[in-house]
Amino acid sequence: MSNAIIKLENIKKIFYSEEVETHALSDITLTINKGEYLSISGPSGCGKSSLLSLLGLLDTSTQGQYTLSNRDVSDISKRERARIRNQEIGFIFQSFNLISDLDVEENVELPLTYRPDLKKNQRKQMVKDALDKVDMAHRSKHFPSQLSGGQQQRVAVARAIAGNPSILLADEPTGNLDSKNASAVMMLLDKLHAEGATICMVTHDPRSALRAGRNIDVLDGRIVADKKTIKMSSASELKI
């Protein structure tokens with residue numbers, strides 16, 4: 001059986017506005033294996049965000065096939081896309097996207113409340129486990145405004161991993177953080193990967209890209225390089 005968790009074949013994405021066609025992605029073919037740590041890099045406007053949106057089923061391709069966990073998800077219903085996003089994909093956003101009037105525990109639990117297969121006590125245990133992993137259990141009753149940027153991103157990571165997703169998608173996870181907090185978040189992603197998580201991260205930061213074992217370079221909507229990297233250790237980064 002294939003170890004691939006994601007397969008994109010000849011993916012194209014075209015945006016239409018009035019009579020203008022914008023080719024955001026062209027002929028993207030990409031395989032991500034279970035347990036891989038992949039970074040996607042490239043200049044602004046190159047198609048990184050469009051690619052991540054397709055991977056996360058937030059958008060659909062104009063052409064091509066997307067296989068997720070051995071299932072073709074290229075042309076499924078909006079309802080099924082939402083179910084898969086909720087149960088199989090964890091999202092980590094640059095802007096954290098925490099809800100200000102919910103405390104930490106409630107923010108992490110929120111996506112789980114849309115899963116009818118989970119009872120309340122199961123949700124609570126999953127939230128506790130996730131907060132323990134990111135060392136934020138002691139802040140479970142705090143609100144986002146009471147947390148630093150680094151702490152908010154840790155909560156966002158906890159929310160992403162609480163449902164035990166097949167893959168984590170991170171969009172510039174350190175973009176709004178200072179160097180110290182950025183390093184802490186990247187070390188957390190390192191830890192999650194070491195525990196078996198499959199991670200796909202979009203980043204502008206070359207040092208963050210080196211944390212992944214594989215780097216994809218995107219330019220003008222195309223993959224122009226796909227290379228293995230010498231993964232930088234946490235100790236190496238602290239010396240920079």
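Biologist: Which helix and which strand each supply at least two residues of the lining of the second largest pocket?
Modeller: Helix H4 (120–133) and strand S7 (167–171) do. Bear in mind that this is a predicted model.

Biologist: Which of them gives the most, and how many residues?
Modeller: H4 gives the most, with four residues.

Biologist: What is the volume of that second largest pocket?
Modeller: The volume is about 250 Å³. The pocket is lined by 15 residues. Closest to its centre are Lys-133, Ile-161, Asn-164, Pro-165 and Leu-192.

Biologist: How does that lining divide by class?
Modeller: Nine residues are nonpolar, three are polar and three are charged.

Biologist: OK, over to the largest pocket. How much space lies in it?
Modeller: About 400 Å³. Its lining has 18 residues. Asn-86, Phe-91, Phe-93, Pro-111 and Arg-159 are the closest to the centre.

Biologist: Which elements give two or more residues there?
Modeller: Helix H2 (78–88), strand S6 (89–93) and helix H5 (149–161). S6 gives the most, with four residues.

Biologist: And the classes in the lining of the largest pocket, what are they?
Modeller: The lining has 11 nonpolar residues, five polar and two charged.

Biologist: S6 is a strand. Where does S6 stand in the sheet?
Modeller: S6 stands at an edge, and strand S10 (222–228) stands at the other. The sheet is open and has six strands, in the order S6-S7-S8-S3-S9-S10. Its pairing is mixed.

Biologist: Why is one side of S6 and of S10 left without a neighbour?
Modeller: Each has a single partner strand, so one side of each has no neighbour in the sheet.

Biologist: What holds paired strands together in general?
Modeller: Strands of a sheet pair through backbone hydrogen bonds, parallel or antiparallel.

Biologist: In which sense do S6 and S7 pair, parallel or antiparallel?
Modeller: Parallel, over five bridges. Phe-93 stands opposite Asp-171 in S7.

Biologist: Which strands does H5 touch?
Modeller: H5 packs on the sheet and touches S6 and S7. The direction of H5 makes about 170 degrees with that of S6.

Biologist: New topic: cavities. How many of 30 Å³ or more are there?
Modeller: The count comes to one. The largest cavity has a volume of about 80 Å³.

Biologist: Which residues line the largest cavity?
Modeller: Among them are Leu-8, Ile-11, Asp-59, Tyr-66 and Arg-81. By class, the lining has six nonpolar, three polar and two charged residues.

Note on methods. Residues numbered from 1 in each chain as written. Predicted model: local features only at pLDDT ≥ 70, side-chain atom pairs only at ≥ 80, totals over all residues. Heavy atoms only, no water. 1 Å grid on protein atoms, 1.4 Å probe; cavity = no way out; pocket = protein on both sides within 12 Å on 5 of 7 lines; lining within 4 Å. Points joined across faces, edges and corners; volume = space filled by probe spheres on them. Nonpolar A, V, L, I, M, F, W, Y, C, P; charged D, E, K, R; others polar. Pairing = 2+ DSSP bridges. Contact = heavy atoms within 4.5 Å. Axes fitted to C-alpha atoms, helices over the stretch in contact; angles between N-to-C directions.
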